[in-house]
Amino acid sequence: RVLWIVGDSYAAGWGIKTVQDRFSNRLAERLGPSWVVFTIAKPGWDTRRQFEAASKFPHRPDAIVNTYCLNDADRAASENGLVQPQVRPGPTAPWLSAVVEHSHLANLAWWRWQSLNQHRTSNDYWEYIRKCYQTPPVWDAHCADLSRLFELYQTQTSAIVAVVIPNLLDAESSRPMSSKVTAYLESLGAAAVDLTASVSQRDPRELVVNRFDPHANEVVHALIADLVFERLGERIDALT
């Protein structure tokens with residue numbers, strides 16, 4: 001049997017030191033040798049890029065896990081007038097840019113200095129993300145992209161699980177967005193797993209790669225594997 005894991009940098013395992021700790025690898029171990037798990041994911045992929053990759057993938061799945069992140073609406077946002085703030089601006093002076101790009105010490109010093117403004121830039125970024133879900137044309141366009149993606153999934157299998165990942169640095173603040181997405185994905189026929197409840201009471205430092213990288217760490221990947229294995233089992237049992 002074949003399982004697809006579709007997503008972006010979170011599904012790809014950005015920041016995970018050992019690939020065996022990635023949730024797709026953990027799932028493969030738990031499912032056993034009768035399953036082959038394919039990770040169809042790259043950093044930066046939005047919903048449309050995931051559709052393009054999944055539609056061209058040659059191995060038909062028996063089950064699918066879609067990893068949803070709250071920035072998946074970026075394409076719909078840019079096409080409907082929302083401009084994403086530049087979270088990590090590089091140096092503008094050509095000479096300084098050359099130094100930062102070619103010196104490890106200068107590169108480290110520059111980005112450590114930039115991290116002093118991290119709180120402000122993070123707030124700007126999450127305000128933009130909130131607007132993606134509050135602006136009707138953006139949300140409607142994004143829903144159309146999601147519908148197209150999950151219609152593709154349904155031509156392959158009915159065993160579909162969607163994992164919704166909140167803002168791991170402040171899960172409660174993103175609950176309205178993750179809840180909205182979860183409800184919509186369930187309306188499309190997926191068994192949705194919203195991580196918000198599981199991580200909202202935990203120290204964010206226990207959840208992310210490090211203070212410079214808010215991607216999910218090994219603890220969250222293990223949590224995703226446990227929750228998905230349970231929901232996936234329900235869907236697979238329904239097929240058999």
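1. Let's start with helix 9, which has 13 residues and reaches 18 Å from its first C-alpha to its last, close to the 18 Å expected at 1.5 Å a residue. Helices here are DSSP runs of H or I with at least four residues, strands are runs of E with at least two, and both are numbered from the N terminus. The expected span is 1.5 Å times one less than the number of residues in the helix.

2. A word on the source: this is a predicted model, in which local features need pLDDT of at least 70 and side-chain atom pairs count only at pLDDT 80 or more, while totals for chains, interfaces and linings use all residues. Residues are numbered from 1 along each chain as its sequence is written, and side-chain values use heavy atoms, leaving out hydrogens and water.

3. Which residues of helix 9 are buried? They are Met177, Ser178, Val181, Thr182 and Leu185. Buried means under 20% relative accessible area, exposed over 50%, and partly exposed in between, with a 1.4 Å probe and protein chains only. These residues cover an arc of only 130° around the axis, which puts them on the same side of helix 9; the arc is taken from the directions from the helix axis to the C-beta atoms. Pro176 and Ser187, on the other side of helix 9, are exposed.

4. Now for the largest nonpolar core, with 38 residues. Such a core is a set of buried Ala, Val, Leu, Ile, Met, Phe, Trp, Tyr and Cys residues joined through side-chain atoms within 4.5 Å. Tyr68, Cys132 and Leu185 are among the residues that touch the most other members. Helix 8 gives the largest share, 9 residues.

5. Take a look at Tyr68 too: leaving aside residues up to four places away in sequence, its contacts (heavy atoms within 4.5 Å) include Tyr133, His142, Val181 and Leu185.

6. How many disulfides does a search of the whole structure find? The search finds 0, a disulfide being a pair of cysteine sulfur atoms within 2.5 Å. The sulfur of Cys132 is 12 Å from the closest cysteine sulfur, in Cys143, too far for a bond. Cys132 counts as buried, at 1% relative accessibility, and so does Cys143, at 9%.

7. Finally, strand 1: 6 of its 6 residues are buried, so it is largely enclosed by the rest of the structure. Val2, Trp4 and Val6 point one way, and Leu3, Ile5 and Gly7 the other way. Strand 1 runs parallel to strand 2 (residues 36-41), joined by 6 bridges, and Ile5 stands opposite Thr39.

Conventions:
Pairing = 2+ DSSP bridges.
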